[in-house]
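Good morning, colleagues. Please turn to the structure on the screen, and I shall take you through a few of its features.

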Amino acid sequence: MKTYRIILLSVLLIFVTLSCEDILDRTPLDKINAEDVFADEILTQAYVTNLYSRFPFNDFRSQQTTQSDEMTTSTDNRSNVTQGTVSKTSEANALWDYTYIRDMTDFIDKIRASSLKESVKTQLEGEVRFLRAFVYFEMQKRYGGVPLVDMVIDPFVLPIDQKYTKRSTEEEIYNFIDSELADIIPMLSATPDPKGRVNRYTAFALRARANLWSASIAKFSTVQLNGLVGIPASRTNELYTKASVAADSVILSGKYSLYNPVPSDKVENYRLIFIDESHSEIIWERVYDGVNIGHGWDAWNAPNQFAGRGGTWDPTLEFLLGYENVDGSADEPLFGVDYLYDNGRGPFMKKDPRLFATVFFEKDAWSGGTVKTYEGIDTSSTVPDVSKIVSNVTGSYNGMEYVGIDSRTQVKDDFSTNSGFLPKKFTDGRNIQIPDGQSITNWPLFRLAEMYLTKAEAEFEMGHLAIAAAALNPTRQRAGITLVDETTITRDLVRTERRSELAFENFRYWDLRRWRVSETVLNHRFQGLRIIYHYASGKYYFLPIFCESFTRTFLAAHYYNPITDSRLNNNPDLIENPLY
């Protein structure tokens, strides 16, 4: 045995000796080098798919919905955002991913030099430049100006130019995003499918969104730190115009249409936008199949009885009250023991039908059952009397459980609503008890409705009221609420329509920031309703309650994220944002 080992070792030594000159030049068999990737269309497409998978979609698990006035949580919603403690050492909603930006820039360089067909090279370069521009836009939203790195930097070859380590101005970041989108629009396919990949109308949509954002900053904010934050007010109308024109490019393309399959049922019509995958309103979406990629919206947020967990995020009373009345009237729901209603929707029956597709109410039918968020039975024999409410977690009154299975007073309180309401939008309904990570509802990043709303807002802010009204009306008409004209349209109506149409799609928190109204809207102790069933009459009454145990705090500093101590320590060329 020893002799065999000596012979084998000798052979190996001879092999190594003969091979020592070229062994280090050999390509590893377990890896694919860049030349191979960019010489093969399939491998290049796989590379781009990987870049898509790393994109910060901010989808179903992002927290901005509960950081706005739309929702609270079943666990009281305390965070550094809601309590106003975001600081240089405690950021939220962070996005500072220069590794991802470098990888996209490296891809752009390599695809240009590749031997692939020009049509393939052009499309894929356009897609990746779109993703990079979008990431810079998301960074602008958070920080204002950031370092603008549009080339691959190798510090082992050359010293890093300080222009790549210092923050560019917010205006320069906007300019880069807008010019990139203008360049790539003709590079991209005009075919709207597949919806999970970027096309030229996706680029128009991002251009509309990015210009609307920067126009708002120019109009409602101020330039500070020599332009590191803020955009000159002199550019306001220019940017609003670009937003409107880009939105129009999508609207007038004929490639997309507002989903309207059952116009006779305004509630179901709106709900199905996010469930039916066969329509042409969606411009770009993150696609889920529940197997290879899924999410947990149903498991975490559906009513407890229909979910693996349920009840995590809960719409606030302020959110519900923010919906317009269908007929344009201004009266609000009436609460208290003197006002009895047939079901949980009762106080809100005048409201925009989209509300009932967005929020679950007591006694709503769902998945073969009934939502039960009532949290007590009033056992008085005639006139309702709050002193007669029984809210025992166990037990029943004449066969009816004292509290509903989905209510705030269940034993597993953090599995049920804190506000009396639950999110219905995006909830599947085709199946119950969908396990965490297996939901298949897609996440819409852009849809045609947003383009109408962008055009309406941009034109309104420029004083073009008739044009703004015409752009605002398509979504209102689909919803079945009163239309507007140049004599009735207001900024409040424009913003309310946006809030109602885009609810829970992660717009509201950022809209409040760009309009610079977060301090007004969010510095508030948010409310819900205690839902009581009056047994003798078979009706319900509603008692306002606080659904959070604290008053929220939003500080002026928080219109921008902090650059943070860790980044400042890592790069002394950076400058911290104002008021931190």
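Predicted model: local features only at pLDDT ≥ 70, side-chain atom pairs only at ≥ 80, totals over all residues.

Let us begin with helix 9, residues 236-251. Its 16 residues should span 22 Å at 1.5 Å a residue, and the end C-alpha atoms are 23 Å apart, which agrees. Several of its residues are buried, among them Leu-239, Tyr-240, Ala-243 and Ala-247. In general, an α-helix has 3.6 residues a turn, so residues three or four places apart point the same way. The buried residues of helix 9 are covered by elements that include helix 7, helix 8, strand 2 and helix 14.

I turn now to the salt bridges, of which the structure holds 49. In one of them, the side chains of Asp-69 and Arg-508 meet at 2.9 Å, N to O. Asp-69 lies in the loop between helix 4 and strand 1, and Arg-508 in helix 17, so this pair ties together parts 439 residues apart in sequence. Asp-69 counts as buried at 5% relative accessibility, and Arg-508 counts as buried at 11%.

Glu-461 pairs with Arg-491, with the closest N and O atoms 2.8 Å apart. Glu-461 belongs to helix 14 and Arg-491 to helix 16.

Finally, the surface: Phe-156, Val-157 and Leu-158 make a nonpolar patch of about 410 Å². Val-157 lies in the loop between helix 6 and helix 7, and counts as exposed at 58% relative accessibility.

Methods:
Residues numbered from 1 in each chain as written. Heavy atoms only, no water. Helix = DSSP H or I, 4+ residues; strand = E, 2+ residues; numbered from the N terminus. Expected span 1.5 Å × (residues − 1). Buried < 20%, exposed > 50% of the residue type's maximum accessible area, 1.4 Å probe, protein only. Contact = heavy atoms within 4.5 Å. Patch = residues over 30% accessible without salt bridge, like charges linked within 9 Å, V, L, I, M, F, W, Y side chains within 5 Å. Areas by Shrake-Rupley, 256 points an atom, 1.4 Å probe, with all protein chains shown as cover. Salt bridge = Lys/Arg side-chain N within 4 Å of Asp/Glu carboxyl O.
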